[in-house]
Amino acid sequence: MLRACEKRHVTINDLEAKISEIETALQSSVDREVTSARIGELIMEKLKDIDEVAYVRFASVYKEFDSAESFREELAKLND
């Protein structure tokens, strides 16, 4: 999350708040085990809330974008 927010107008307090929200969601989950995929999805949701550029940066690595078209598709989802 830090890397995705680098050189963006996102404060450490903003990130800490979102991380706390993720931790709370995971702790209140009925599932005993949490997959890395679930954690990645939660991170993307929270980044989308605070900074769309950070969200796309994270998504590009997490979803392993391999083309400019992958970026375009993800950007189109932001406008939906």
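From the N terminus on, the elements of this chain run α-α-α-α, and the count is 4 helices and 0 strands. Please keep in mind as you read that the model is predicted. Along its principal axes, the C-alpha trace spans about 35 × 25 × 25 Å. The chain has 80 residues, of which 29% count as buried. If you take the contacts between residues at least 6 apart in sequence, 39% of them join residues at least 24 apart.

Most residues other than glycine have a negative phi. The K7 residue is exposed, with a relative accessible area of 80%.

Moving on, we come to the pairing of α1 with α2. The axes of these two helices come within 10 Å and cross at roughly 140 degrees, and α1 passes α2 in a right-handed crossing. By class, the residues of this contact divide into 7 nonpolar, no polar and 5 charged. To find them in the structure, look on the α1 side for L15, K18, E21, I22 and L26, which meet R38, I39, L42, I43, K46, D49 and I50 in α2.

Next comes the pairing of α2 with α3. Here the axes are 7 Å apart and the helices pack at an angle of about 160 degrees. Angles over 145 degrees count as roughly antiparallel, so α2 is roughly antiparallel to α3. The crossing of α2 and α3 is left-handed, and its contact residues comprise 10 nonpolar, 2 polar and 3 charged. On the α2 side you will find S36, A37, G40, E41, I43, M44, L47, K48 and I50; they meet E52, A54, Y55, F58, A59 and Y62 in α3.

Within α3, which covers residues 52-62, the buried residues are A54, Y55, V56, F58, A59 and S60. What covers these buried residues? Among the elements that do so are α2 (36-50) and α4 (68-78).

After α3 comes E64, which lies in the loop between α3 and α4. Is E64 buried or exposed? With a relative accessible area of 65%, E64 is exposed. Its phi is near 55 degrees, again a positive value in a residue other than glycine.

The axes of α3 and α4 come within 11 Å and cross at roughly 140 degrees, which makes α3 oblique to α4. The crossing of these two helices is right-handed. By class, the contact of α3 with α4 has 6 nonpolar, 1 polar and 2 charged residues. From α3, the residues E52, Y55, V56, A59 and S60 meet F71, E74, L75 and L78 in α4.

E74 lies in helix α4. How accessible is E74, and does it count as buried or exposed? At 3% relative accessibility, E74 counts as buried, because the cut-off for a buried residue is under 20% relative accessible area. Which residues does E74 touch, not counting those up to four places away in sequence? They are Y55, A59, K63 and F65. Of these, Y55 is 19 residues from E74 in sequence, and the two are 9.8 Å apart in space, C-alpha to C-alpha. Y55 and A59 are themselves among the buried residues of α3.

Methods: Residues numbered from 1 in each chain as written. Predicted model: local features only at pLDDT ≥ 70, side-chain atom pairs only at ≥ 80, totals over all residues. Heavy atoms only, no water. Buried < 20%, exposed > 50% of the residue type's maximum accessible area, 1.4 Å probe, protein only. Contact = heavy atoms within 4.5 Å. Axes fitted to C-alpha atoms, helices over the stretch in contact; angles between N-to-C directions. Parallel < 35°, antiparallel > 145°, perpendicular 65-115°, else oblique. Left-handed = near helix turned anticlockwise from the far one by under 90°. Nonpolar A, V, L, I, M, F, W, Y, C, P; charged D, E, K, R; others polar.
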